[in-house]
Amino acid sequence: MSNQTPTWKIIVLGDKEVGKTSLINRYVYNTFDVITNNSSGTFIRKIVKCKNGSINALITEVHMNTFSQDKILGSKIAILVSDLTRYETLDIIDEMAKKIKKISPKTKIVIIANKLDLKYNAKFWVEDIKKIVKEIDAFTFGIVSAKTGENLFEGIEILCDKVLEADAKSQNSH
């Protein structure tokens, strides 16, 4: 692997109030606020350290009502966020994934179910997410809590490693 740290554009999408901004704030600043300011359109830079190297992540939030080709193009990863307590937020993942794949077929689709801290109020669980993952051929998925940070930091590290490994395999096959 090269010593140069790759830069990845990572977009975070989902229905309103699924916790997109809270996920970004928890991961980048390790903070959680009940009331958040929308971070749509703003790029936040973070060095992500993985077992197999590091990446320079440019993270931005994209809202469904501002979903456009220019916001998707060049994305390495699209994190599609749903809310465990609202099944309808999982339903729209399929539509989002199809739009992203049409615009940017090489973008890796990741499904994140947020609000693990409310798991006793969950309207869907792992089996439902795995079904969607299979239907849309998503790269991977995770269940996290922006409020507590549970599974978030480890999940991003695992994601980083999986993408680095997939990239290395892809380069070796050429």
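**View 1. Strand β1 pairs with β4.** In this predicted model, β1 and strand β4 (residues 75-83) run parallel and are joined by six bridges. Strands are DSSP runs (E, at least two residues) and helices likewise (H or I, at least four), numbered from the N terminus. Two strands count as paired if DSSP finds at least two bridges between them. Leu 13 stands opposite Leu 80 in β4.

**View 2. Strand β1 pairs with β3.** Eight bridges link β1 to strand β3 (residues 53-63), again in parallel. Here Val 12 faces Glu 61 of β3. Seven of the eight residues of β1 (residues 7-14) are buried, so the strand is largely enclosed by the rest of the structure. Buried means under 20% relative accessible area, exposed over 50%, partly exposed in between (1.4 Å probe, protein chains only).

**View 3. The open sheet.** Six strands follow the order β2-β3-β1-β4-β5-β6, with mixed pairing. β2 (44-50) and β6 (140-143) are the edge strands; each has a single partner, so one side of each lacks a neighbour in the sheet.

**View 4. Helix α6.** The buried residues of helix α6 include Leu 152, Ile 156 and Asp 167. Its 21 residues (152-172) should span 30 Å at 1.5 Å a residue, and the end C-alpha atoms are 30 Å apart, which agrees. The expected span is 1.5 Å times one less than the number of residues.

**Notes.** Residues are numbered from 1 along each chain as its sequence is written. Local features need pLDDT of at least 70, side-chain atom pairs count only at pLDDT 80 or more, and totals for chains, interfaces and linings use all residues, while side-chain values use heavy atoms, leaving out hydrogens and water.
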